[in-house]
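I opened my notebook today to look around a new protein model. Here is what I wanted to look up, one topic at a time.

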Amino acid sequence: MSIMAMAYQQKLAEKLTILNDRGTGVLLRMNYIKKTCLDPKLRPQYLTDKTMEASVKYINKKFPNIDFRGNSQQYLVGIQKHKSEVMAAMSSYYDSFIDVMEFRDHVYELLNTIDACQCFFNIAVNFDFTKNYLELIITYISVIVMLSRVEDKKVLVGMYNCAHEMSNGSRWGQLLIREFKLEWKQSSLKMIALLSLQMLYPRRNLPAEQWRSAQLLSLLSAPASMLDPACCDTMACEYLSLEVMERWILLGYLLCHSSLNTNQSSQELWKMALRSGLYLTIIRDETINIHKITEDYFDGLKGYSKRIADIKECREHVIVNSGAMHRERRGFLRNALKELVKVLEDEPGLLGPKVLFVFMALSFSRDEVLWLVRYSENIPKTKTPEDYVDSQMAELLFYMERLRTLMTKYSRVVQRYHVQYLAQFDALLLNDTMQNMYVCPEEESVLMTSFVSTLSALTIKQVENGEEFDFRALRLDWLRLQAYTSVSKAPLSLKEYPDLAKVMNMTQFHTKMLDNVQEMLHETSDLSILCFYPRVFEKMFSQSSEEVSMQRYLMSFPLACSHFNQTVHPLCPEEKRSLRLCVTFLEEIAKQTSSVILEICSEQCNLNDQLLPKHCGQTISAARNKKQKKQTLKKGDVQREKPGTESQRKDRAIVTNMDKLHLTLTELCSSFSGSSDFTVFNHIVTPAEFLTSHLETRLTKIIVRMAHYNQTTQEIGRPSDLLAGIRAYTASLHTLSRYLSLDVTRLVKNVLLQQTQPLDSYGGQTITTLYTNWYLEGLLRQASSNLIVHCPAMHCFVNQTIENEQSFRAEEYSDISEMQALAELIGPYGLKFLSENLMWHITSQVGELKKLVIENMDVLVQMRANFDKPEVMANLQKRLPGNTHTHTPGENVLKRMTIIGVILSFRAMAQDTLEDKHCPYLMGPIENLRDMVSPDTDIKVTLTVFELASAAGLTCDIDPALVAAVASMRTDNSSVDEEYKLTCLLLVYIAVSLPILALDPNSYYSRHYGGHHNNIHCLATAVNQLSAAMFTVESKNIEQHLKEFLLVASSTLLQLGQNVENRVDGKNRDSIYLLLHMIVEASPFLSQDMLESCFPYVLLRNAYREVTDIYLNVCLQ
């Protein structure tokens, strides 16, 4: 068979393409198996199982000569018992090793075919053919190196072999019982392929000084030629990875090492590559020390002592110079990429003619990034270890990402330019080149004719119409043509027609600009290897985050994680995919940003606090003393600075803490504005959401801390102070919209809405819980002990004037402004929670009241029937335990009712603050609904309307929350009639116990307070609301029973007035009369006419006159 026929039939181009992809997959499988076997968590179960310990040791010792039937069966008992499970567990590993063998056989077969065809290789001419050839050999070497690093390969193969033999009785497993070993001398490599790099590699491997002097990558160095297309004879070589070329050279010359002693060019190329570094990447994070491997190999060969000396010399050169050289390169690339990005952002049309510059910049930068990553964990012993640390890596990564973004964003611009270039230049040039060829066989002629026709048919309308281009077939045909024309004695030899190679290589690049830009970006700027260097990547991020000037570029680290999608390969789907790195970076950036934001908010809150009215007293006092010419400061006192002095400075160069914070915030927010979202492992990541989440979490904690709640001392901040602080924080947070697109309103609403619930989204206490606990335990508990008085005249609670001064002033926490602030802080939901807690305390008091009624039920029944008979009532009152010397039960009833009244009064104060606050446009309709309710309305409808009105802050005749609380007290054992009877008797008990209040010295009425000093005026609220709720639950007429209460109470109090003999009983009698009037005034069911029908109004008038006289006398004294 002729060589030409062999080239056509063997399909060299197709095999190279397929085997390279297959080899990458097999290499990844070997790497995965190695990592799995080394990880205790992922290691196959049967390699660590104690029952298999003897089998593992035996197989390791005897492999590959394992005896399945002799005396060795005693060592293989464990495998025999679990042979099915062992086969299932080991099959994937065994199949992977089979893939290695098949790949090796196919590689040897193809290399032998290429040798037989005597192919010609030159990276500058048949670029794709040479590249695929070199890649195949290096991939095969990498596979064998990785296989040698799988320490458990004998056990994995041997266990499968044994299990297969025991299950099927065949020797299938024998296929793979020999060891793989890389024999350098058995491999084949055309030295000419490596020598073709001698023009390319030295030109690419230059120090930064030469790059700078040549103004590499600069579009501004020659303004006159800015619009000229960037092209050259070797376009694909210009962005070929330097690391890839070094791998080709250093591993390649291990296969054809004899040329190092015979060919000076080979030796110089090899030494130049050795001077570039110590380590080569095999796959992922697997590296080899190429200097050590080469030296060890040459040490066993004769005549290589000079080469060993060369290796040592190159090693010293690397240790001394390599770190500094790469540091300078990174510094140059940072500035070069910055200039390139700025120019292309301003004039994106330049992406058409100068797109080659973009891929060159990305390739050069990627090489430097990967070099630093590779050596960060393999730092040689050097005097300058700082050369292997780069705190400005974020900037380089950022501009790489910007170039990628520009290429994606303006892909249509690139397409419009190159579709015209292909149709109007490349097609014509290729056609002219074909016409000048002397020889053109039929097969090659068909291919080239199809090239011209395909390119000539392109029009700009295809881009405008959004058509998808696909030139993969054309590029594969060009690879086929390279294979056909690179064999020995080909009628059309490509090396004799370099112009054809130049035109087609340029055309191939241009076609990629139409349909393969993303693949080109992946080829030149893929940083997915960072996924396998988490420690190095995190260290780089940490170093960059410490530099203030680098903070604006920090988002490049999580953006680099979007490259991790490229690590997925069909032959290794089991590889671990994690968002940990991306999330870690975003969390840290968000944490730093939120810290700065909230520190600024804290400073603004402190400044705002200085302007609050509570601080004006000292200023007013100082101004007054100054007017009166009094000494304002004592010796040693420091004059308080006025608000606003912090903004005064004599020199703008003076940098304050706020200046630094705002600068840092500007830098950090700039990083968020770079990308709104990106994808990592099929997850859409939105950086701004991480910042929002951090701000929400920290702001929630800050608001709780700003309440200054101390559970031990029962101290808490005033609601108005907390509200002022929150408003200051909110105003500062809204300035974020100047820096980035963040919905601050939604953030603040989410945080404040959580504060209206008992617990936040993380299970922590909220200000609703804190203020509920404090008002119950701190204020209302003291009010129930008469240490604090409810003051209807001032709509607040006030402290009693007693010897033991309280730790807080009640009016500072309960006046109208404070209750309004509380309502705004905790909202309707928070007030509902507060109400529920208040109702729980009320129901506990009602339960105790019912017990007292049950104890005295017989007497109370008789008193209810004989309330209009003074003599009988007098005798019955003596039978009540509370009307003897101790007064305990009667006082107990009134005390508990007073507590209920205090709680309901406080609740009414809180509810009133809701009106017109949260839904002013709904207040009219809600009021109309409430007013439409009549006694004839169905009770369910009534309660529903009242619940709506109550939530809006309106006062209702019947409290729906109290009704629900009373209804919840009913048990299955209690009947409606029994509950009704207890309610009626409770009212009787309260009515007949009212005279006892006259014995309490604190029962006098204060005109200043508008109530009594022992809070008994709250009995009016308690009697009305509690009776209305209880009778509503029992479906009874409220007005009728309150009239009955009024009659009993009037009769009892009239007896108190007629008792002239015992003046002790008459003490504070007038104040008690006023209590009866308060009950009627507070009731929506009783009227003054009803009161006058059973209680003389003259007594009320006299009572008001008496208490007024007493108040005036006290004031005059």
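My entries below go from aromatic rings to a hairpin, a surface patch and a few backbone angles.

**Entry 1: what I am looking at**

I noted at the start that this is a predicted model.

**Entry 2: aromatic pairs**

I began with the rings. How many aromatic pairs does a search of the whole structure find? My search of the whole structure gave 38 aromatic pairs. I reminded myself that a pair of aromatic rings is described by the distance of the centres and the angle of the planes.

I then looked up Tyr-399 and Tyr-553, whose rings are 5.8 Å apart centre to centre, with 50° between the planes. Where do the two residues sit? Tyr-399 is in helix H19 (residues 393-409), while Tyr-553 is in the loop between helix H26 (534-545) and helix H27 (556-560). The pair therefore ties together parts that are 154 residues apart in sequence. I also checked their cover, and both Tyr-399 and Tyr-553 turned out to be buried.

Next I turned to Phe-541 and Phe-557, an edge-to-face pair with 5.4 Å from centre to centre and 85° between the planes. Phe-541 belongs to helix H26 and Phe-557 to helix H27, so this pair links parts of the chain 16 residues apart.

**Entry 3: a cluster, and charges over rings**

I found one aromatic cluster formed by Tyr-771, Trp-774, Tyr-775, Phe-797, Phe-808, Tyr-813 and Phe-906.

Which residue lies over the face of Phe-357? I found Lys-354 there, at 5.5 Å from the ring centre. In another spot, the charged end of Lys-1036 sits over the ring of Tyr-980, 4.7 Å from its centre.

**Entry 4: a hairpin**

I moved on to strand E1 (residues 279-283), which is mostly covered, with five of its five residues buried. Strand E2 (residues 286-289) runs antiparallel to E1, and four bridges join the two. E1 and E2 form a hairpin, with two residues between them. In the turn I noticed Arg-284, which has a positive phi of about 55°.

**Entry 5: a surface patch**

Which residues make the nonpolar surface patch of about 300 Å²? My list reads Leu-929, Met-932 and Leu-948. I followed up on Leu-948, which is found in helix H41 (residues 939-951). Leu-948 is partly exposed, with a relative accessible area of 40%.

**Entry 6: positive phi angles**

His-708 has a phi near 55°. I located His-708 in the loop between helix H31 (687-706) and helix H32 (719-733). His-708 is exposed, at 57% relative accessible area.

Asn-1015 also has a positive phi, near 65°. Asn-1015 sits in the loop between strand E8 (1011-1012) and helix H44 (1019-1033). Is Asn-1015 buried or exposed? I wrote down buried for Asn-1015, at 0% relative accessibility.

Technical notes. Residues numbered from 1 in each chain as written. Predicted model: local features only at pLDDT ≥ 70, side-chain atom pairs only at ≥ 80, totals over all residues. Heavy atoms only, no water. Phe/Tyr/Trp six-rings, centres within 6.5 Å; stacked < 30°, edge-to-face > 60°. Buried < 20%, exposed > 50% of the residue type's maximum accessible area, 1.4 Å probe, protein only. Lys NZ or Arg CZ within 6 Å of the ring centre and 35° of its normal. Pairing = 2+ DSSP bridges. Patch = residues over 30% accessible without salt bridge, like charges linked within 9 Å, V, L, I, M, F, W, Y side chains within 5 Å. Areas by Shrake-Rupley, 256 points an atom, 1.4 Å probe, with all protein chains shown as cover. Salt bridge = Lys/Arg side-chain N within 4 Å of Asp/Glu carboxyl O.
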